[in-house]
Amino acid sequence: MQDVQLTHRPVISATGLFTPAESISNEELVDSFNRFVDLQNQRHADAIEAGEIEPLQHSSVDFIEKASGIKARHVMNKESVLDPEVMAPRWSERPDDEISIMAEIGVIAAKQALEKAGRKPEDVDAVLCAASNMQRAYPAMAIEIQQALGIEGFGFDMNVACSSATFGIQTAADYVRSGNAKSVLVVSPEITSGHLNWRDRDSHFIFGDVATAVLVEDEAIAPDEHWAILGTKLKTVFSNNIRNNFGFLNRAHPETSDNADKLFVQEGRKVFKEVVPMVAQMIIDEAGKLQLDPAAIRRLWLHQANAGMNRLIAQRVLGHEASADESPTVLDTYGNTSSAGSIIAFHKYSEDLAPGDTGLICSFGAGYSAGTVFVRKAA
Ligand code: COA
C-alpha cells in the first residue's frame with residue numbers, strides 16, 4: 001500500500017498577523033478599573049456600611065505584571081473598554097451585506113500570509129476559521145473569509161478555545177497528508193475583549209485582540225522558504241476550570257440576571273498547576289516519538305497566557321531556564337490572545353533561525369486542550 005505521508009508532506013508556507021492600532025497599558029487599565037470600583041462602592045455605600053455586601057477592591061499594576069508578565073494589550077475598541085460606566089467593547093452592528101468584524105481582521109492577516117507565500121486565492125483549497133469565539137453561529141466565519149478572499153473550495157469554523165489554531169494546523173496538515181487539499185488557510189481572528197469580564201479584578205488584565213493566519217501547504221507547491229511540519233499531536237481533557245457559558249440556549253435578560261458566567265471565568269491557580277505538567281509531558285513524549293531531543297529544540301513558540309507557566313514548561317522541556325531567544329514572549333505587548341498567541345510568537349520570532357533548525361509551536365487552554373506542532377526550517 002502506498003504511504004500517503006511520503007507523497008504529501010505538509011509545511012507551513014507563510015503566516016500573517018493583524019494587530020489592532022489601539023493598545024491599553026496596565027496603568028490605563030488599572031486607572032479605569034479603580035474608578036469603576038470607587039463608583040460602585042459609592043453607589044452601594046449604605047449596603048457596605050451595613051455589612052450586607054463586601055466593598056470591591058482596587059486592582060494593581062504591580063500585581064498584573066508579576067502574576068502574568070502582561071504590560072499592555074491591543075484592543076479593537078479602547079474607549080468603551082476604559083469607560084468605567086461601560087467596560088466592554090462596543091461597536092454598531094453591521095448590516096448583513098457588510099463584512100463582519102471578525103472576518104475583516106481575519107482577511108487582513110490571511111492576505112499577508114498569501115502575499116508572503118506568493119499564493120493566489122484561486123490556488124487555495126480551504127479556509128478554516130479556528131478561534132475561541134465566533135461572532136455568530138452561521139454562516140461560518142470561514143466561509144465569509146473565503147468569499148472575501150475569492151477562494152473556491154470550502155471553509156468551516158472550529159473552536160477549541162486557546163488551542164484552536166494548533167488544532168486547525170493539524171486539521172489542515174491532515175487534508176494535505178491525505179491528498180484532499182494542497183493549500184489550506186488557518187485563520188484565527190481573536191476578539192477576546194468581547195468575552196473578557198473587564199469588571200472582574202482577578203481576570204480583567206488577561207486578554208487582548210489580534211488576528212493571525214497560517215498557510216499550510218503540500219511541500220510540492222510550497223515556496224522555497226517554508227517550515228516542514230515534522231509532527232502534530234492534539235490532546236483534550238475535560239475541565240471546568242476555564243469556562244464560558246454564553247450560548248444560544250441561555251440568553252438571560254441583562255437587566256435581571258447575573259451574567260458573569262456568560263463571559264470568561266477561570267480558576268487561574270488550578271489551571272496553572274494542572275496544565276503545566278500536562279503540556280510539558282506531552283511535548284517531551286511527542287519529541288521522543290519524532291526522535292527529537294527535547295533539549296535540542298532551538299525555539300519554543302508557546303501559548304501566551306502567563307509568563308510563569310511558560311517559564312516552567314520551557315524549563316521542563318529544555319532542562320534549563322529558557323532564554324528569551326529560546327522561548328520568546330509576546331505577552332508583554334499583546335497579553336493573552338487566546339489561540340493566536342503561539343502563532344504571533346512564531347510569526348515575529350522565526351525568521352532569524354537557520355535552515356535545519358527545529359522548533360515547536362504549542363498551545364494550551366480551555367477544555368483542557370493542548371496542541372503541538374513540531375517544525376523544521378527548510379534548507
Ligand atoms: N490586583 C491586585 N491583586 C489581585 C488582583 C488584581 N487585579 N487579582 C487578584 N489579586 C489578588 C487576590 O485577591 C489574591 O490575594 P490574597 O492572596 O490576599 O487572597 C492574590 O492576588 C493572588 O490571586 P490569584 O488569583 O491566586 O493570583 P495568581 O498569582 O494565581 O495569578 C493568574 C492569577 C490568573 C494570572 C494566574 O493564576 C494564571 O495566569 N493562571 C493560568 C491562567 C491561564 O493560563 N488561563 C488560560 C486562559 S486561556
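Residues are numbered from 1 along each chain as its sequence is written, and side-chain values use heavy atoms, with hydrogens and water left out. Since the model is predicted, local features need pLDDT of at least 70 and side-chain atom pairs count only at pLDDT 80 or more, while totals for chains, interfaces and linings use all residues.

Two packed helices are described by the angle between their axes and the distance between the axes. Here, axes are lines fitted to C-alpha atoms, for helices over the stretch in contact, and angles run from 0 to 180 degrees between N-to-C directions; helices (H or I, at least four residues) and strands (E, at least two) are DSSP runs, numbered from the N terminus. Helix α9 (residues 268-289) and helix α10 (residues 307-318) pack with their axes 9 Å apart and at an angle of about 30°, which makes α9 roughly parallel to α10, given that angles under 35 degrees count as roughly parallel, over 145 as roughly antiparallel, 65 to 115 as roughly perpendicular and the rest as oblique. The crossing of α9 over α10 is right-handed; a crossing is right-handed if the near helix is turned clockwise from the far one by less than a right angle, and left-handed if anticlockwise. In this contact (heavy atoms within 4.5 Å), the α9 residues include Val271, Phe272, Val275 and Ile284, and those of α10 include Met309, Leu312, Ile313 and Arg316. The residues of the contact of α9 with α10 divide into 13 nonpolar, 1 polar and 1 charged, where Ala, Val, Leu, Ile, Met, Phe, Trp, Tyr, Cys and Pro count as nonpolar, Asp, Glu, Lys and Arg as charged, and the others, Gly among them, as polar.

The axes of helix α2 (residues 26-43) and helix α4 (residues 61-68) come within 9 Å and cross at roughly 125°, so that α2 is oblique to α4. Asn26, Glu27 and Val30 in α2 meet Val61, Ile64 and Glu65 in α4, a contact made up of 3 nonpolar, 1 polar and 2 charged residues. Helices α6 and α7 pack at an angle of about 55°, with axes 9 Å apart, and are therefore oblique to each other. Among the residues in contact are Met102, Val107 and Leu114 of α6 and Met141, Ile145 and Leu149 of α7; by class, this contact has 9 nonpolar, 1 polar and 2 charged residues.

Around the ligand there are 20 residues, of which Cys162, Arg201, Gln266, Arg269 and Asn306 come nearest; a residue is near a molecule if one of its heavy atoms lies within 4 Å of it. A polar side-chain atom of Arg269 lies 2.8 Å from a ligand oxygen atom, whereas a polar backbone atom of Gly268 is 3.0 Å from a nitrogen atom of the ligand. A polar side-chain atom of Asp202 lies 3.4 Å from a nitrogen atom of the ligand.

The backbone geometry was also examined in the loops. A cis peptide bond, with omega about 0°, joins Tyr138 and Pro139, and Pro139 is found in the loop between β4 (126-130) and α7 (141-149). Gly367 and Tyr368 are likewise joined by a cis peptide bond, with omega about -10°, and Tyr368 is found in the loop between β12 (358-365) and β13 (369-377). In the loop between α5 (78-82) and α6 (101-117), Met87 has a phi near 55°, a positive value in a residue other than glycine.

Conventions: A polar contact is a pair of N or O atoms within 3.5 Å; within protein, one must be able to donate a hydrogen and the other to accept it, and residues adjacent in sequence count only if both atoms are side-chain atoms.
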